[in-house]
Structures are given as C-alpha cells and as structure tokens.
Amino acid sequence: MSGIKTLTHFYQEIYTRKTPKSREIWLKMQQIVPYGVHSNWRIFDPHPLILARGRGSKVWDVDGNEYIDYNMAFGALIVGHANPVLVERIKQKLEEGTIYGFETEYSYLLAEELLKRFGYEMIRFSTTGSEATMLAVRLARAATNRPKILKFEGHYHGTFEILAVGLKPEPRQAGHPKRPRSVPAGLPYRIMPEEYAKYVVIAPWNDIEAVKQIMREHGNDVAAIILEPIPMNMGVIPADKEFMKSLREIADEYNSLLIYDEVKTCSMWYRGAQEYYGVKADIVAVGKGLGSGLPFSAVLASRELMELIGPRKVPHGGTFNSNPISVYGVYVAVKELLTEANLAYTHKLSDELAKGYKDIIEDRKVNAYVSHVANRGIVYFSKEQVKNWRDVKTKVNWGVWYAWCLGMLINGVIPQALAPDDQWSISIMHTKEDIQKTIEVADKVFSEIRGKLVTPIPLEEAF
Ligand code: PMP
C-alpha cells in the first residue's frame, strides 16, 4: 500500500484511541480464538468492540463508551437490551432451574401461541436458526422424496453444509448471473464433499424468468424452494410482491414445497413476512427475531408435514430444545412485547431514520441510497439500486460503507450490525431522541466522507 493516508485511516486511529481496552482483550483473545471472535460475522477491523453491558437501545463497551445500538445482536433483540419486563420474569424463572430435559407447561402455551400467530397446524422448537432451517429442509426432502433444494444466491440459512452453498461467491467463480453455479462456502478449502453442493441449485434473486428456466431443468427433483423473504444477509433487498406470488405458483406447478426462512423476518411484522407479501409458505422457520436474546427457533407447517417427524422418520432432537428459560422468555416476549402496536412503533421509528438518512444523502449529494422495510434498513453506497447478490458485490462501494461505519462508531452510534451484508434493527426500546441524535451524527459523518479518499475494502464471504 502507498503511504497515502485516507479518511479510513484517520477514523481507525480515533477508534483505536477510544477503545484501548477492547483492543487489549481482543489481542489476547486472537492468540487463542481464530480472529478473536466466536462467530465469523463478528470480525471487524481494526478490532471488534468488546462490550460490557446493554440496556434499552444502548450498549457500553469495556472502555466505557456509550453507543446507540442498531446492531441489536444481528436483529435478535427487537425487545431491546435487558428489557425490564423480560429480565424480571426470567430472573424468577431462573430460580426454578435452567433445564430439565422434560417439557414444561410453557412448551405448550408458546407452541399454541405461535401457531395461532403464524397460522400453521404444528410446530417443533429448536435452539438456533441453523437447526430450524435444517429441519425444514429434511422435512421437505422426506415429504417429496426428492433430493434437491433450490436456494437463492446471497441468501443465508445457517452454518450447516446442506445450505452453505451460493452464499457470497466470487462472481468469477459463480457462473452466469442467470444460471449461478453451486459454489460451496469456504473455497478454496473443501468444507463439504463436492456432490453436496450439487444438490443445492442456485437461482438469482428477483429474476422470475431465471427461476422458471432453472425449475424447468431441475424442478422435478426439487424438494423445496427456500428463501429469506426479505434477504437480509446482503443488506435489505425486498422482492416484488409479484415475484413472491410467482414463486408460490412455480413451487406448486412442480409439487415442490416453499420454505420461508423467517429467522430474521419473524419479528418485522406480527405474522412475519407472509403478512407483508400476502403469500404463504408450506414450511416456516423462525428464530432469533422472536428469541428476544434467548436461544430459540422453531419450524411450523401443516399437520401432514409435521407428522413426518419422529423415530425412524425425520430425525429431530436437541438437548436445549424448548428449554424452560427460552420457552418462558419467548412466551413473555410474544405475548407482551412483540405486539402489533409495539412493532408498528418500531416501523415508525425506522421510517424516521430512513427519512433522515435520505435527506442527508440528498443534501450532501452522496452516492448512496436507503433500502428499508419495517424495522430494518441499510444505506447502500451505490447510485444504482441493487437487486441481487451480483449487484451487491459489484455496484456498492464497500470502502465508503466501512469508513461510514467507523465514523458513526467514533461518534457513539453502531449504525447497523457491523458486517457489510447486514442492516439496522430498531427495537421497541429505541426512542425518537435516539433517531434524532443518530441523524445529527450521520449528518456530520456524511459531510466528512463526501469527496474524501477512503481505503477500498472487498466484500468477502464473512461466514
Ligand atoms: N437464517 C437466517 C435468515 C439468518 O439470518 C440466520 C442468522 N443470521 C440464520 C438462518 C442462522 O441462525 P443461527 O445463527 O441462529 O443459527
């Protein structure tokens, strides 16, 4: 690298000066933990923040810096940090033991509540989103007796290999944008046998003609089409409602099932993304969005499909499934906190934040635009709208995005989950004042960034 100092370097220096204790802990940690983090999504240059505590919309790092938080644990905390209602109730529950290896009454009450809310007949709980999407795929394969899954390029469904294909492939390896190759995650390392990837057929998001073409070729072998109804592992890229309707029709035409991975979207609307699109899936996987900070996920579907689960049928188990703390906490969250009124409040704040960013972008004439839906959103540093993974990879200036994040961080705002492919989340504990303060900070940072040299960064596969 040349010796030219960019705005990015300048911000990095301030960030490092403000967070010496985070750096010290992270330096020690990275000696014994790869990259000094326990999830690849948390890698951040020059070092990640090490946090001490959170409350409401705020978090504090180990150096005592306060931040307005829009990461909200990658969208897991729509109830807010340490929501007092939840804390009080969980405290009481903890006294009764953390896990029994038996069901509790709340296993029933929560199951009943979620089935009513999302409109399905049967449900099974797991602990992580990855486990829920894995069960959904197994169910689809068992129900159809077909081996293949169609997934969309850039969509993420968890850490396991069944779906760790076509995540964030390099375009030069990924084939034609309308006929993407099934590129396994982790290349050049072989984390799975090559054949596995072939069972995952990859389609471009938002391109119904391409999906039809791919289904003409593979449709009779496709057990299910799985998707993030709002892809939120490459920012926020909602589909046209027509696209979603057509996907439903195509799935029906080929007798394939439609799976919504609502691990994130389940806390955007009261009934999840099917409420937004008006299109119902056969199987829904929900997770952290409802978990409210507790390890929780679930699969919901018809009785006919769910009765395929069982001994010598579709395997499903897990020591921590429906543990009493998660189940009780999620029950309190869905009954008292993630209500229609409270979610509408998060939408309103999110609209205000989006408007604030849009106005600044216009005033400051920055090459950027805002994509936001319900309580999530992102600033894409691109003039053109992005519609799929290839656009995200090639049209967005991620170097400016990174500098912008650093600028916001050193001014006390975590503007989104700090992976370039994530987004902001607004909780029921964010306030109008938070939004106002964030817009003031953003105005300062956007004006500093405009026209300045920043260090380019490539958008790589984080996972
Ligand atoms: N699906 C989606 C859409 C996700 O965003 C995530 C996590 N980011 C997962 C599945 C996996 O969930 P977990 O990390 O709880 O395994």
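With 463 residues, a compact globule would have a radius of gyration near 23 Å, and the protein chain, at 22 Å, agrees. That radius is taken over C-alpha atoms, and the globule rule is 2.2 Å times the number of residues to the power 0.38. The C-alpha trace spans about 60 × 55 × 45 Å along its principal axes.

This is a predicted model: local features need pLDDT of at least 70, side-chain atom pairs count only at pLDDT 80 or more, and totals for chains, interfaces and linings use all residues. Residues are numbered from 1 along each chain as its sequence is written.

The protein chain has 17 helices and 16 strands. Both are DSSP runs, numbered from the N terminus: helices are H or I with at least four residues, strands are E with at least two.

Now the domains. Domain 1 covers 7-78 + 339-449, and domain 2 covers 84-337. These bounds come from an automatic or database domain assignment. The C-alpha centres of the two domains lie 26 Å apart. Domain 1 gives 29 residues to the contact and domain 2 gives 27. Here, two residues are in contact if their C-beta atoms, placed from the backbone, lie within 7 Å.

Look at the side of domain 1 that touches domain 2. The elements giving two or more residues to it are α3 (72-75), α14, β13, β14 and α15 (389-395). The largest share, five residues, comes from α15. By class, this side has 13 nonpolar, ten polar and six charged residues. Ala, Val, Leu, Ile, Met, Phe, Trp, Tyr, Cys and Pro count as nonpolar, Asp, Glu, Lys and Arg as charged, and the others, Gly among them, as polar.

Next, an open sheet. Three strands form it in the order β13-β14-β16, with antiparallel pairing. Strands pair if DSSP finds at least two bridges between them. β13 (369-373) and β16 (424-425) are the edge strands, each pairing on one side only. Two bridges join β14 (residues 376-380) to β16. Gly377 has Trp424 of β16 as its bridge partner. Helix α14 (residues 340-364) packs on the sheet and touches β13 and β14. Its direction makes about 170° with that of β13. Such axes are lines fitted to C-alpha atoms, for helices over the stretch in contact, and angles run from 0 to 180 degrees between N-to-C directions.

Finally, the ligand. 16 residues surround it, and the closest are Thr128, Gly129, Ser130, Gly158 and Val263. A residue counts as near if its C-beta atom, placed from the backbone, lies within 6 Å. Helix α6 (residues 129-144) gives the largest share of this shell, three residues. By class, the shell has three nonpolar, nine polar and four charged residues.
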